[in-house]
Amino acid sequence: MPNRPFICIGEGSGIMKLLSLERTFSISLFICFIWCLGLSYFTLSNEQEAARFGHQNSWTKKQVEASGAEASSKPLWGRYEEEVNVLRSKSKMKDYLIIRLNSDKLQLEQEVVGLMERLSKKAEKQVKSGPLMHNYEREFKALKIQMEAEENKTEKMEETIKGLLSNKLQLEQEVAHLKELLVQKAEEHTNKDKINEDKDCPLPPMDGYPECQGKLKWMKEGWTSDPCYSINGVNGSLCSILIYLSEIETWCPRLPGRVIPTASSQRTEAGQAVIRENLQGLSSKLANRIQYKWINQRIFSMEDIWVKAGRSLSAKHDLKGRKAKQILVHPGAVTDEIGIARLAFNGGPLGELVQWSDLVSTLHILGHHLHLSASITDLKIFLGGLKSGCPSMPTLEPNLIYTDILGLQQMQKALPNIWSKYQCKIRILDSFGTEPDFNHVSWAKGHNLSSPYGGLNLIPLQLYTMFPHTPDNTFLGFVVQPHWSDEENKKLESIKRKNQALVYGKRASFWKGKTAYLDTIHKYLDLHGTVDNGALIPSYVTNHGIVKGAEVHALLRESKVFVGLSFPFEGPAPLEALANGCVFLNPRLNPPQSRLNSEFFKEKPNIREVTSQHPYAEAIGEPYVWMVDMDNSTDVERAVKAIINQTIEPYIPYEFTCEGMLQRVNILIEKQDFCNSTTSWPPLSTLQVVTAEVGASCKDTCQKQGLICEPAFFPHLNSAQSLANYGINCQTTEHSGGYLVLPAYDNNSKRCVFQSDPLLFSCVRSHLSWTRVCPCRDYIKDQIALCKACL
């Protein structure tokens, strides 16, 4: 049979089934391929987004953990702002995911539509090409299931998008709420920090002072944390704080109407010095200072005497037109670091405390402003060297500073970069005096003149002595005066003089080796003592122990003789004896005592020879002071017999009275100036030029003429032209810093030598070959520090 096509019944239907099965199988393979690609893409995209989102979360977590350590130090609103930023980041991430999911959904829908179109076209093409060999009904069912799964996936994706949109809305609401909290908390903090204005002290505009509010808030709570704030006027009020922060420091604007003076005028009160009628202004400065306890007692025990002396001086002299000075008083001896003041009530040395007491009283009565220092800390506060919460600046700009050698050493050590600023304003209380060669650092070192109290390198006249030891220094002195009221003075005057003597010596050690001397006196007088240990003194002595000042004066009032034991040297007690009408028996010192042969004078910065226990009293002479040789019983008996048979009235040299000290110190404050080289005091009109004998000092030369050597005039004589005015013809001249006796000349060669170092001018030195040219002046009797034209 010829070949022919095989045709079955139902041919079209079978062909269509075969075609459909083939087509379905091809389409399914294609769809599976596309779906796998889409699935891997979707999975990869989700993993990337998850990784990205997870990284974002990880970073946010680390940021939160890192910020946790700073949470306590950051402001509250700062932490809220960080949380808002995190939420904003999450919201942006969800927006991004929604966009990606919508994009994937659209792409998937487009791919399904595209597949359906291609399946339709391929079906039409297969119908035309021939019958199908297989039945693909099962595959179509699988394809339907697959399509439904895709639709379910699309629905889930839509649900996810709706959830993300809902989360986004919630996040936006949370962000808005946190913004409100942020504003609220910021307002609360601002209100908390706000400084309420004082009705008496309105706040100035703060423009240009961004730190002012914060400083005001801190100072309001912490002004008591450092004493320097109260020292600078802060008392807790807004006004005092503003003044401090604008004038002492510069954090805030100045209060309206306030003018900032210069440093010097700010700390120097203007006004006239007026003689004061009481000591009330001193009580608050002394009352709570334990270091000034003894000084305080002496000052107020003499208040009536000081007030009367001030009135008397004011009546005799014109004291108007004087400017009130700012004066710093720093007695190094009374500071806790030294502690001499603690011994004052236990028989310790009182000479320095007597002088400090009288100086403080004098300065107050004269009308000046006193600032008392009792420690190195006080010193730093006054002069600006204290390390504290406040700027290191002085609270005082002094016109004068009174201290002692110990106090100067404290100042130099504690304020090494400050003290030299005040060098010319310093006055040193120096009981025994410092001679120019000991004062000069280089000279003292080069000539082996070592002393713990030398090397000050000041002008020697800046050193103030207790007695007029040497004209190279200035005589300050002290006051010899009974310490009682008029009523008590009347009681003392009623005391009858007895045939007794009071021995000068509080320490039993002073009596050692003096028994024979005391035995001789005891033949004529009963002996009394005020000794710390009565067991070590002769049994015939009536010992009263350590007693107070008024009791000592009562004993002196009933005694005829005040018996010196050759030590202590140059104390105030012998003059107190004279003030009570009691003669002083003054032992000669043979040989004279000096740093060359005396342990006491060994470290003193001078080579002055002391010829008796009390050289100043020695100069007063009989009938008030009798010189005796303690080892010569005949000499002692002669003096004692003469004293018993005489009567003297109480005697005080004017320079040791309250009025005399007021007069002297007032002139020194007004006229003595070491800061201005153009001023000259004493007046040059008082200069008297005297040539010394070869080998004589200017001190001795002037004294022989009834004058006193005045070192302030040395610069005036230190030139050939000046000497020519006084009849000295210099053929040749030279300047030298190697001698202490200049200006001087050689009579034979007519050669004149002048001083090149002004700190080496000296009244007390002499030369075996040269003739000294000495500047002398007159002086007021019993007021040796002042010339007759000085008043």
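The axes of helix H12 (residues 376-383) and helix H13 (residues 405-414) cross at roughly 60° and come within 10 Å of each other; axes here are lines fitted to C-alpha atoms, for helices over the stretch in contact, with angles running from 0 to 180 degrees between N-to-C directions. Helices (H or I, at least four residues) and strands (E, at least two) are DSSP runs numbered from the N terminus. On the H12 side, the contact (heavy atoms within 4.5 Å) is made by Ile 376, Leu 379, Lys 380 and Leu 383, and on the H13 side by Gln 410, Met 411 and Ala 414.

The model is predicted: local features need pLDDT of at least 70, side-chain atom pairs count only at pLDDT 80 or more, and totals for chains, interfaces and linings use all residues. Residues are numbered from 1 along each chain as its sequence is written, and side-chain values use heavy atoms, with hydrogens and water left out.

Turning to strand E2 (residues 369-372), His 371 is found there. His 371 lies 6.2 Å from Ile 327, C-alpha to C-alpha, although the two are 44 residues apart in sequence. Leaving aside neighbours within four places in sequence, His 371 is in contact with Gln 326, Ile 327, Leu 328, Val 329, Phe 382 and Leu 396.

Not counting residues up to four places away in sequence, Phe 562 touches several residues, including Leu 502, Tyr 504, Pro 574 and Phe 584.

The peptide bond from Asn 590 to Pro 591 is cis, with omega near 5°, and Pro 591 is found in strand E11 (residues 583-593). Another cis peptide bond joins Glu 622 and Pro 623, with omega about 10°. Glu 570 has a positive phi, near 50°, and counts as buried at 6% relative accessibility. Lys 750 also has a positive phi, near 55°, but counts as partly exposed at 38% relative accessibility.

Notes:
Buried means under 20% relative accessible area, exposed over 50%, partly exposed in between (1.4 Å probe, protein chains only).
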